[in-house]
Amino acid sequence: MSKVYVQSGQLVVPDCVTVPFIEGDGVGAEITPVCQKIVNEAVKIAYDGKRSIEWMEVLAGEKAFKQVGEWLPESTLAAFRDYLIGIKGPLTTPVGGGITSLNVALRQTLDLYVCLRPVRWFKGVVSPLKEPQNVDMYIFRENTEDIYAGIEWEQGTPEAKKFLNFLQNEMGVTKVRFPETSAFGVKPVSVEGSKRLVRAAISFALQHKLPSVTLVHKGNIMKFTEGGFKRWGYEVAETEFAESTFTMNQYDKLKHDLGEESAKAAIAEAVNTGKLIVKDCIADAFLQNTLLMPDDYSVIATLNLNGDYISDQLAAMVGGIGIAPGANINYATKHAIFEATHGTAPNIAGKNVVNPCSLLLSSVMMLEYIGWDEAAVLITNALEKAFENGEATNDLARFMPNGTSLATDEFGQRIVELL
Ligand code: NAD
């Protein structure tokens, strides 16, 4: 068993690395072995057999409940904590009391504050856009705060009544339209939570030499929470990355103080000297803009709920959830869990038709995260070739003019051949 560990702030990765994995419920049993086979082969080819992955199964979801009577055993959390990285298939959300979502529990326990979703188009995959090749974005979604914190009270309960009393009597709130029948939710957005997310997005953009980071928010309406996110985001850029960024906040100040020509000259110089441009966009306009001019955007930093909507829209623009990868990361501790972003797809489970690409591309993200880029590139290239040939699982192949529908295991075998 060889663990990835952190030394002087950097990941140290042994040549034979142990990766804990959760197989996943429903289609998990089909996609997980296919992905592991492809990854093993890619690593073998890329490093002449000198590197390898030892997969270590840990339990979660229905499989865990059946085997040990718990949905998320402590030993699983301990493995992800110890081994730093891990990968998971989709999990059924247990209905009824107890844990509401296993995914949320994993994110909270390890404080995985970034949900990273890269979005790119593969030639051959049918997209609703005219120019899907212009879509190349990385969404950094804040993963621990916002209205997702789960602080809410049901309509008609004593708690809702108590909260209403507090609002009306102690805070002087008079704006609740139907006070007696309202449910309430609380939206915490902090300086630390916002700054660490934006810091991660800017660092990633600089490391990968990407042109811009866009802070997406609804600060025009929610001035202190979403507006705070934008303000603190600009602050991070201007104080912690002053040498390497130019912000639209600075542009606006220059325009105000010295006029538009000076501001334009400053931004032109920033672009010419390779500075990262940090800008912001109101969430609703942003969703429209991604369809009309996707090439204006590269790295997106946003709050939890906005990030949820944005992730699904962008995924749909390049082929849907069957092909959208994701990772939950804490860039301070370096803990990272890579995951299939779709659910357990019970309607197709056991039929050997599920698309393994979401988990496979998440495996590619994992390889990149540990610095095994050569193996990652082999898999990405093989996928590009397959899609260009019209070879895909049915969810994608049925829309391709030259499409051939392959079963999940056949598709996996084809990717291995194309590596
Ligand atoms: P789903 O993503 O499982 O399925 C939605 C639709 O997309 C279905 O028609 C399904 O067949 C299709 N689909 C999903 N993934 C596919 C793939 N890889 N290839 C081809 N088609 C695919 O969402 P749902 O039906 O709303 O949820 C089912 C279960 O999954 C629920 O228990 C839910 O809580 C859980 N879920 C888990 C996660 C997760 O673990 N990350 C995410 C979403 C839903």
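**View 1. A salt-bridge network links E23, E57 and K63.** The view is taken from a predicted model.

**View 2. A salt bridge joins E339 and R107.** The closest N and O atoms of the two residues are 3.5 Å apart. E339 belongs to strand β15, whereas R107 belongs to helix α4, residues 102-109, so the pair ties together parts that are 232 residues apart in sequence. Both E339 and R107 are buried.

**View 3. The side chains of R141 and D308 form a salt bridge.** The distance from N to O is 3.7 Å. R141 is located in strand β7 (residues 136-142) and D308 in helix α11 (residues 304-317), so this bridge ties together parts that are 167 residues apart in sequence. R141 is buried, with a relative accessible area of 4%. D308, in turn, has 25% relative accessibility and counts as partly exposed.

**View 4. T344 sits in the loop between β15 and α12.** Strand β15 covers residues 336-340, and helix α12 covers 357-369. The relative accessibility of T344 is 13%, which falls under the 20% limit, so T344 counts as buried. Apart from neighbours within four places in sequence, T344 is in contact with D25, G26 and V27, with P90, L91 and T92, and with A349.

**View 5. Helices α13 and α15 pack against each other at an angle of about 115°.** Helix α13 spans residues 373-388 and helix α15 spans residues 408-418; their axes are 9 Å apart. On the α13 side, the contact is made by A382, L383, K385, A386 and F387. On the α15 side, F411, I415 and L418 take part. The crossing of α13 and α15 is right-handed.

**View 6. L291, L292 and M293 make up a nonpolar patch on the surface.** Together, these three residues have about 290 Å² of accessible area. L291 is placed in helix α10, which runs over residues 283-292. With a relative accessibility of 43%, L291 counts as partly exposed.

Key: Residues are numbered from 1 along each chain as its sequence is written. This is a predicted model: local features need pLDDT of at least 70, side-chain atom pairs count only at pLDDT 80 or more; totals for chains, interfaces and linings use all residues. Side-chain values use heavy atoms; hydrogens and water are left out. Patches are made of residues with over 30% relative accessible area and no salt bridge: like charges are joined within 9 Å, nonpolar side chains (Val, Leu, Ile, Met, Phe, Trp, Tyr) within 5 Å. Accessible areas come from the Shrake-Rupley method with a 1.4 Å probe; for residues, only the protein chains shown count as cover. A salt bridge is a side-chain nitrogen of Lys or Arg within 4 Å of a carboxyl oxygen of Asp or Glu. Helices (H or I, at least four residues) and strands (E, at least two) are DSSP runs, numbered from the N terminus. Buried means under 20% relative accessible area, exposed over 50%, partly exposed in between (1.4 Å probe, protein chains only). Contact means heavy atoms within 4.5 Å. Axes are lines fitted to C-alpha atoms, for helices over the stretch in contact, and angles run from 0 to 180 degrees between N-to-C directions. A crossing is left-handed if the near helix is turned anticlockwise from the far one by less than a right angle, and right-handed if clockwise.
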